[in-house]
Amino acid sequence: MTSQKTLSLALQGGGAHGAFTWGVIDGLLDDGRVKFEAISGTSAGAMNAVAMADGMVRGGVKGAQQRLSEFWHAVSREGGVMTRARSLLEPFLSFWELPGFDPADFAANLRSFTSPYSFNPLNINPLKEVVADLIDFEKVRACRDLRLFIAATNVRTGKIKVFSGAEITEDALLASACLPYLFQAVEIGGEAYWDGGFMGNPPLFPLFDMPQTQDILLVQVNPIERKEVPRTAHAIVERMSEITFNASLLREFRAIDFVNRLMAESRLDPTRYRTNRLHRIDAGHALRRYTAATKLDTSWSFFRELHRAGHLAATEWLKENYDAIGVRGTLDLRAAFM
């Protein structure tokens, strides 16, 4: 068997679209030619990272794949958690006709005129039950073969917080996925946190100093570009969200490109700086038929469709780029941020 090459993974958040990332991870693990030193994740990306680490400790590659599958089934409508959460929320939301509500329109309406501190005073979060049932955080923190970095946004300071090592807890994971128009801020150590996507989706800088690899594979599920100009209020809000959740990533692209160019010109001390090789698997083609609103589609059939697309994308990416790992980056950074 060909010796394994090492990558760090950077996993974007994107709600249900994170099932594409699940497929990518499955495809990379099925191939067997790459291993992972570290994962930086935000929101759904952080969920994928933690589920993978939990499964890896329990049963290696097969354990990781099993735990990821169990996680995504648990958060699907068919998994039952969303149904139970809806029944708990119904007394506070009785003015909606919940039996037939559309989750995308539901969330859009909520952020328009109400607060989770009003409509969800008990702070019911269906993800909390799934995470508590599936993830053993002591095992995750004990995982020595895979370093995790989970991003959240400090509500008071507006700065990014990256949880790692002993800081990886249930609350840290829920903070990374805390959408402020759906859930109350997560309090950790006297600080309040929202979704990490506002300040790092995902953050790349924690991966710059990994001792085994300079290669970072970004799995991107939020499109940087769209051809259509949004014209409805809903579409405008969706596009604003996409731009906001990619802004910090584009800034990091620019910084990496700047340092890489200075290194290539021998203008920086190589004992203090290094070139980082960026790669990307982009969900843009797979998700081109879907609006940003489908990030709230929790049907198992949708998850499975995105998983298949992600698995195929990983297979194709490895076929085209495996030889470049450890040699050169395959993402044109300047084209991405200019």
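Predicted model: local features only at pLDDT ≥ 70, side-chain atom pairs only at ≥ 80, totals over all residues.
Biologist: How many cavities of 30 Å³ or more does a search of the whole structure find?

Modeller: The general idea comes first. Rolling a probe the size of a water molecule over the atoms shows where empty space is left. Here the search finds one cavity of 30 Å³ or more.

Biologist: Which residues line the largest cavity?

Modeller: Its lining is made of H17, V221, P223, R226, E242, L287 and K295. By type, three are nonpolar, one is polar and three are charged.

Biologist: Now the pockets. What is the volume of the second largest pocket?

Modeller: The second largest pocket has a volume of about 590 Å³. Its lining has 24 residues. P223, E225, R226, K227 and E228 lie nearest its centre. P223 and R226 also belong to the lining of the largest cavity.

Biologist: How do the residues of that pocket lining divide by type?

Modeller: For the second largest pocket, 10 are nonpolar, three are polar and 11 are charged.

Biologist: Which element gives the most to the lining of the second largest pocket?

Modeller: Helix α9 does, with four residues. Strand β8 (277–282) and helix α11 (333–337) each supply at least two.

Biologist: Let us stay with α9, then. How do I read a helix?

Modeller: An α-helix has 3.6 residues a turn, so residues three or four places apart point the same way. Now take the case here. α9 covers residues 233–264, which is 32 residues. From first C-alpha to last, α9 reaches 46 Å, close to the 46 Å expected at 1.5 Å a residue.

Biologist: Where does α9 bend?

Modeller: At A247, by about 35 degrees. So read both the span and the bend: α9 has a span close to the expected one, and a bend at A247.

Biologist: What is found at the start of α9, and what just after α9?

Modeller: At the start, a side-chain oxygen of T232 reaches to within 3.1 Å of the backbone nitrogen of A235. Just after α9, S266 takes a positive phi of about 60 degrees.

Biologist: Pick a residue inside α9. Is S248 buried or exposed?

Modeller: S248 sits in α9. S248 is buried, because its relative accessible area is 5% and buried means under 20%. A polar atom of the S248 side chain lies 3.4 Å from the backbone nitrogen of G200.

Biologist: And R254, what is its relative accessible area?

Modeller: R254 is also found in α9. Its relative accessible area is 45%, so R254 is partly exposed. Look along the chain too. R254 and R334 are 80 residues apart in sequence, yet their C-alpha atoms are separated by 7.1 Å.

Biologist: Show me a residue in a loop. Where is L182 found?

Modeller: L182 is in the loop between α8 (170–176) and β5 (186–188). L182 counts as buried because its relative accessibility is 13%.

Biologist: Last one. How many residues of helix α1 are buried?

Modeller: α1 spans residues 18–31, with 14 residues. It reaches 20 Å from first C-alpha to last, close to the 20 Å expected. Of its 14 residues, 12 are buried, and α1 is mostly covered. Among the buried ones are F20, W22, V24, I25 and L28.

Note on methods:
Residues numbered from 1 in each chain as written. Heavy atoms only, no water. Bend = angle between axes of the 7 residues up to and from the residue. Polar contact = N/O pair within 3.5 Å; in protein donor to acceptor, adjacent residues only side chain to side chain. 1 Å grid on protein atoms, 1.4 Å probe; cavity = no way out; pocket = protein on both sides within 12 Å on 5 of 7 lines; lining within 4 Å. Points joined across faces, edges and corners; volume = space filled by probe spheres on them. Nonpolar A, V, L, I, M, F, W, Y, C, P; charged D, E, K, R; others polar. Buried < 20%, exposed > 50% of the residue type's maximum accessible area, 1.4 Å probe, protein only.
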